[in-house]
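Student: I would like a close look at one part of this model.

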Amino acid sequence: MIRLLALLALAAFILLPLVQAVMLSFTATLPTETVAEGTIGLMNYRNVLASPELRAAIVNSLIYVTLNVTLCIAVGLPAAYALARFRFVGDRHFLLAILVFRVTPPVVLSLPAFILFSRFGLVNSPVGIALIHCLFNLPVAIWILESFIRAVPRAFDETAFLDGHSGPSFFFRHLIPAIAPGIGVAAFFCFIFSWVEVVFARILTVTAGKPITMAIGAMFGFQTDIGKVMAMTCLSLVPGVMMIWLARNHLAKGFDLRA
Amino acid sequence: MRAHDNRAWWLLLPALVLLAVVGVLPLLAVVNYGFHDIFSLSDVHWVGFDWYADILNSHRFLASLGRSFLFSALVLAIQVPLGIAVAKLLVPYGPRAVWGLMLCALPLVVPWNMIPMLWLGLIDTRTGILGPGLAALGFDWKFTGWHTWVLLLAVDTWHWLGLVVVLAYAGLAAIPQAYHQAAAIDGASRWSVFRHIELPRISGALAIVFLLRFVDSFMIYTEAFAINAGGPQDATRFLSVELGEEIKGFSYGQAAARATLYFLVVLTVVWAFVIATRRREEA
């Protein structure tokens, strides 16, 4: 009974700000000639989808987050395999190094990252954000994938090698299917750290390529249509909620620190 | 047992290249900028350790450092025990606990810059759900320092509790029933069950929670700036708020020196933490 009450209190705490946002997103907060303030309806969502900048922002965010997750897993998988299966000179130093990168505050690197990326023409592009987010997502991907690969017995690899599989064919035909849930969990955590990040996303998009987070920020001004802001916020939650739903049964696997 | 094979480095190569480009290069650049006075990219003067001396000798820096450490300490003291408690509440629900986990994970996917907006909307004295009630209680986050702190802690807890719950639940749910039954037969107290059965299972996950929550709260900016911009009377002027001011003021050399300093502080704490956990593992 007490357990249930505590959980209800927790649910109220978590949902309250979101409930307010959803309510506002269906309310007209800035009166126009045709719509009075306080009218309930879908007008905010119509306004968001009618705006080319906001539509572009949604697409930009989806592009960079997909690129980032793909890159982290593609690069993280071989590294995780090496760490799970072999001992080698400097393996602990490598783990310590990725921990250091994971905990480096983005604000420390934001300025040089901007200067470096503008040399390569990666400012104002989703590719730039996708790359710089690897700084904190690649370590997470490596930790998660490593723990899943370690859970697969070594004999599994040896059987595949005896069957004549080697290198790439072993990776794609055997290892990836065997640790598919791990890839899902890694993708989930990379997604949540990347989708909502604002420090790098702000500094790397000056005039174009703005992701959702920056597009929302730009909606605040002299006369803020808070209903439209909330509609955009609610739309930005949709991919995240879908990720939570897809990963729900593996969420609880979590990840450990290896250092 | 893992085989010894130095050729494994080849598998790490892509990761190393990527981290060198997005991590090592900017890090070296920021350290280098910190030794210069930068008017523009073509007008740069070597100043040695002057910026560092300025920053370390300023009372504002030390006060901000203290505030940031206090904030991180409070965040960890609230969120870690609370997250473990919620995870323990969820474990007995078995497969249905996944609904609780999904609920807790929800704030993690909200864009960071909207989190303060959601909360400011919630406590708006005119239109917020909680606003009128809090105003009647005399809650004044704009002008009373410790009220701003309470608000920031509530917002940060709302945002990050899910991470603690999800990671702690993973460890707790993996404990076989037999362990708890054995403990019950031995008449073990709740505390000793936690200390000797549950804690060892979640210590790996807790290590990551501690480090991630430490750095993120230590460098809190988005929430602190949006809610009260360091006020009232500098009561919530954290380290990152000072850095943000310098970047906005185009004082890049000093900002870089400050960023390097922050990096060293974070690095020292993380290093001490890793050494402590390694020593415990070996003991």
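At what angle do helix H3 (residues 52-85) of chain A and helix H10 (residues 180-195) of chain A pack, and how far apart are their axes?

Tutor: This is a predicted model, in which local features need pLDDT of at least 70 and side-chain atom pairs count only at pLDDT 80 or more, while totals for chains, interfaces and linings use all residues. Residues are numbered from 1 along each chain as its sequence is written, and chains are lettered from A and ligands numbered from 1 in the order in which they are written.

Helices H3 and H10 of chain A pack at about 135°, and their axes are 9 Å apart. Helices here are DSSP runs of H or I with at least four residues, numbered from the N terminus. Axes are lines fitted to C-alpha atoms over the stretch in contact, and angles run from 0 to 180 degrees between N-to-C directions. H3(A) and H10(A) are therefore oblique to each other; angles under 35 degrees count as roughly parallel, over 145 as roughly antiparallel, 65 to 115 as roughly perpendicular and the rest as oblique. The crossing of H3(A) over H10(A) is right-handed, meaning that the near helix is turned clockwise from the far one by less than a right angle.

On H3(A), the contact is made by A:Ser61, A:Val65, A:Asn68, A:Val69, A:Cys72, A:Ile73 and A:Gly76. H10(A) contributes A:Ile183, A:Ala186, A:Ala187, A:Cys190, A:Phe191, A:Ser194 and A:Trp195. Residues are in contact if their C-beta atoms, placed from the backbone, lie within 7 Å. By class, this contact has 10 nonpolar, 4 polar and no charged residues. Ala, Val, Leu, Ile, Met, Phe, Trp, Tyr, Cys and Pro count as nonpolar, Asp, Glu, Lys and Arg as charged, and the others, Gly among them, as polar.

Between the chains, the contact takes 72 residues from chain A and 73 residues from chain B. Helix H1 (residues 9-33) of chain B gives the most to the chain B side, with 15 residues.

Notes: Two residues are in contact if their C-beta atoms, placed from the backbone, lie within 7 Å. Helices (H or I, at least four residues) and strands (E, at least two) are DSSP runs, numbered from the N terminus.
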